[in-house]
Amino acid sequence: MATAQAEKKQTTSTMVQAVRSALIDEMSRDEDVVLLGEDIGIRGGVFLVTEGLIDQFGKDRVIDTPLAELGIIGAAVGMSLYGLKPVAEIQFIDFLFPGFDMLVSEAAKMRYRSAGEFACPMVVRSPYGGGVRGGGYHSQSPEAYFVSTPGLKVVAPSNPYDAKGLLIASIRDPDPVVFMEPKKIYRAVKNEVPEGAYEVPLGKAAVTREGKHVSLISFGAMVHVGLEAAELVKKDGVEVEVIDLRTLQPYDMDAIAKTVAKTGHVVLLQEAPTIGGFMGEIAAHIAEHHIGYLEGPLVRVGGWDTPFPYALEKAYMPNAERVKRAIQKTLNY
Amino acid sequence: MTVTPFTDTPIKVLEYDGTPGPDVDSLGLSKDEFLSIYRWLVYARAVDDRGYILVRQGRSGFYAQIAGQEASQIGSALPLERTDYLFGDHRSQGSMLVKGLRAAEWFAHQLGRMLDPSKGRLMPHGPGRKDLRIVPPSSTVGNQITEAVGTAMAQKIKKTKEMTICYFGDGATSEGDFHVGMNFAAVYGSPIILFCQNNQYAISVRLDEQTHTKTIAEKAKAYGMEGYLVDGNDVLAVYAVTKHCADKARRGDGPSLIEAYTYRYGPHSSADDDTRYRPKGELEMWRNERDPITRFRRFLEKRKLWDDAKEQKLQAECKAEVAAALEEAEKSPAPEPITVLDDAYEKLTPQLEWERKELAAELGIN
Ligand SMILES: Cc1ncc(C[n+]2csc(CCOP(=O)(O)OP(=O)(O)O)c2C)c(N)n1
């Protein structure tokens, strides 16, 4: 028998379409939701995520701002204090740094510093990550900065279905959320996305592929590299369980506990440079709480500890071969 | 009175000796309102004096005095409605008091007690109170400016008749936040007053080392808004100019920059030694010849509204009120240690719940 959910019309969507659809649904539902950012109006955003929205919602709700990220994030903080639900777009997450101060000193700390009286329910969405020949300033994965800032939540979807549900959950969340969109798979990955609003809850990981020998924990575009690696080692009889964290702050400790107990071997995959990266946190967490289950070393796979290179991005970014070697390293310990 | 932007000399209503200029009666202030303004000036100084003593006694860790700047603070806050938003900086307590913050809350803030609306979370430079629409400042100089503009943008989007005022010092005008905020405010025609208290120093750095424009107010031109230079030690002038700009904002005629030219008497903060950088005689000149409180009292005396007996009575009243406020603050308990984990997020994250268990065990509570 068909459930209500299944009856919802499904469309095969890209992540760009899914994000737009989330924005349309939430803006239609709640008139306090406003968008602001550079070129998001008539131009529709550099990746065309907000294409057409200014016609639908008007320029009071789809606000083309001057070229100043500090202003975008600062204004979003002020708007959220007043009761609007700003969704700020930063063209590339690499350019969030001019607004970083407003994010970490203001949005993140407002609730705490006012002892709960004021809060900044706002979302900063931005494409992140490499693999699109963007060079050093259009390719970074700076999640570690945000994850280590208490007060912020950090989300990074790996597919269109999750992107829509997570973005809607982020917009409805009472706290400020950094929503990182993996631009490499903006259009490359498609799946079925229902029409109408639905939430994928923050803080809940997904088991993207079941397996019993090794747990591969990742998020965002790297989930697909993990899946590729899982296919590679399948030939050798290794069954990889792929965990997509979906939310990095807070992260899903239960899902981690479960998979570690199940496999006893863990590979941690991120695109960012390895030193000080988010996967170091997951490694520490597992070492602290689940060491009894471990049968091999926690192996991290990340970008090299250099700035992101333009011509050599292929050599830089983690690939399935590297992940495969990491899997072998923990298994053959 | 007509309020003119971009003047070369500060707009004033009273002479330094309190002699009223021709505009006084066009302000539409009654006798009682004059007296109430005076009371605010005296009360703010009494709170300020006591606040500074708390640091000297080692009972509070930090204090940035407003002494010398009372006219800027009181005069600019009086035209605000309760529903208007106030974004302050580390030296805004006078304006906050006018907006409704109680002195007892201010002292509790200095002492880190529960009565502090911010529950002891901040270095004592200003709490917030949502019902009064006072946003708590952070310590980062200038950050409040783009935020305040965002709130004003939201007020315009929501089509309310409210406006926002944002306070900052002359030093803050060198930060990017000021320039970005001015630009955003002008582009969106936001209902905001960007209020610079130019006390001529940012810690030790003099204005001419801070910026090469003659005034702060003239910077407004570059962004396409009006800038007003006002005598910040003339409470009536500050009131008139702020009222003018607030009315303008409420009419939908956009933002203004106000520069209140004033002087601080104390060191930058309790951690500063101002004798290292002030030229000899400068402080004495301002204190003896331009004090905002004396100046206004002289005006009241000329109008036969004030005398020594009234002065003595008011001083005694303010002293008693301040003592009572401090006592109330001291009675308020310190925050419970377990509250350290509250309010980072609306609800504790799973990670914070673990940490709460750990801390609770440490504290022997549940
Ligand atoms: C971004 C930043 N840099 C430096 C400081 C240290 N600091 C605190 S107040 C201050 C001077 C501020 O001067 P001004 O803006 O003129 O305000 P005033 O203290 O004179 O009222 C400085 C440098 C800070 N708090 N934030």
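Does B:Glu328 count as buried, exposed or partly exposed, and at what relative accessibility? At 34% relative accessibility, B:Glu328 counts as partly exposed, where buried means under 20% relative accessible area, exposed over 50%, and partly exposed in between, with a 1.4 Å probe and protein chains only.

This is a predicted model, in which local features need pLDDT of at least 70 and side-chain atom pairs count only at pLDDT 80 or more, while totals for chains, interfaces and linings use all residues. Residues are numbered from 1 along each chain as its sequence is written, chains are lettered from A and ligands numbered from 1 in the order in which they are written, and side-chain values use heavy atoms, with hydrogens and water left out.

**Salt bridges**

A search of the whole structure finds 43 salt bridges over all chains, a salt bridge being a side-chain nitrogen of Lys or Arg within 4 Å of a carboxyl oxygen of Asp or Glu.

| Pair | N to O distance |
|---|---|
| B:Glu328 and B:Arg102 | 2.7 Å |
| B:Glu226 and B:Lys248 | 2.8 Å |
| B:Arg297 and B:Glu311 | 3.5 Å |
| B:Lys158 and A:Asp32 | 2.8 Å |

The side chains of B:Glu328 and B:Arg102 meet in a salt bridge. B:Glu328 lies in helix α12 (residues 308–331) of chain B and B:Arg102 in the loop between α3 (93–99) and α4 (103–111) of chain B, so the pair ties together parts that are 226 residues apart in sequence; helices (H or I, at least four residues) and strands (E, at least two) are DSSP runs, numbered from the N terminus. B:Arg102, at 35% relative accessibility, counts as partly exposed.

The side chains of B:Glu226 and B:Lys248 likewise meet in a salt bridge. Because B:Glu226 lies in strand β7 of chain B and B:Lys248 in helix α9 of chain B, this pair ties together parts that are 22 residues apart in sequence. B:Glu226 counts as partly exposed at 31% relative accessibility, whereas B:Lys248 counts as buried at 6%.

A salt bridge also joins B:Arg297 to B:Glu311, and this pair links helix α11 of chain B with helix α12 of chain B, 14 residues apart. B:Glu311 is buried, with a relative accessible area of 11%. In chain A, salt bridges that share partners join A:Glu26, A:Arg29, A:Arg172 and A:Glu199 into one network.

**Helix α11 of chain B**

The buried residues of helix α11 (residues 292–302) of chain B are B:Pro292, B:Ile293, B:Arg295, B:Phe296, B:Phe299 and B:Leu300. Seen down the axis of α11(B), these buried residues fall within an arc of 165°, so they line one face of the helix; the arc is that of the directions from the helix axis to the C-beta atoms. What covers them includes α1 (31–56), α2 (70–77), β7 (226–231) and α9 (235–250) of chain B. Just after α11(B), B:Lys304 takes a positive phi of about 65°.

**The interface of chains A and B**

In this model 45 residues of chain A are in contact with 47 residues of chain B, contact meaning heavy atoms within 4.5 Å. The area buried between the two chains is about 3,800 Å², of which carbon and sulfur atoms give 64%; buried area is the accessible area (1.4 Å probe) that two parts lose on being put together, summed over both. In chain A, A:Tyr82, A:Tyr112 and A:Arg113 lose the most area to chain B, together 22% of what that side buries.

The count between chain A and chain B is two salt bridges, one of which is formed by B:Lys158 with A:Asp32. The largest share of the side of chain A that touches chain B, 10 residues, comes from α4(A). Helix α4 (residues 69–82) of chain A has 14 residues, and 14 of the 14 are buried, so the helix is largely enclosed by the rest of the structure. A:Gly83, whose phi is positive, near 110°, follows α4(A).

**A buried threonine in chain A**

A:Thr247 lies in strand β12 (residues 247–249) of chain A and is buried, with a relative accessible area of 0%. Not counting residues up to four places away in sequence, A:Thr247 touches A:Val154, A:Val155, A:Leu166, A:Leu202, A:Gly203 and A:Lys204.

Definitions and conventions. Expected span 1.5 Å × (residues − 1).
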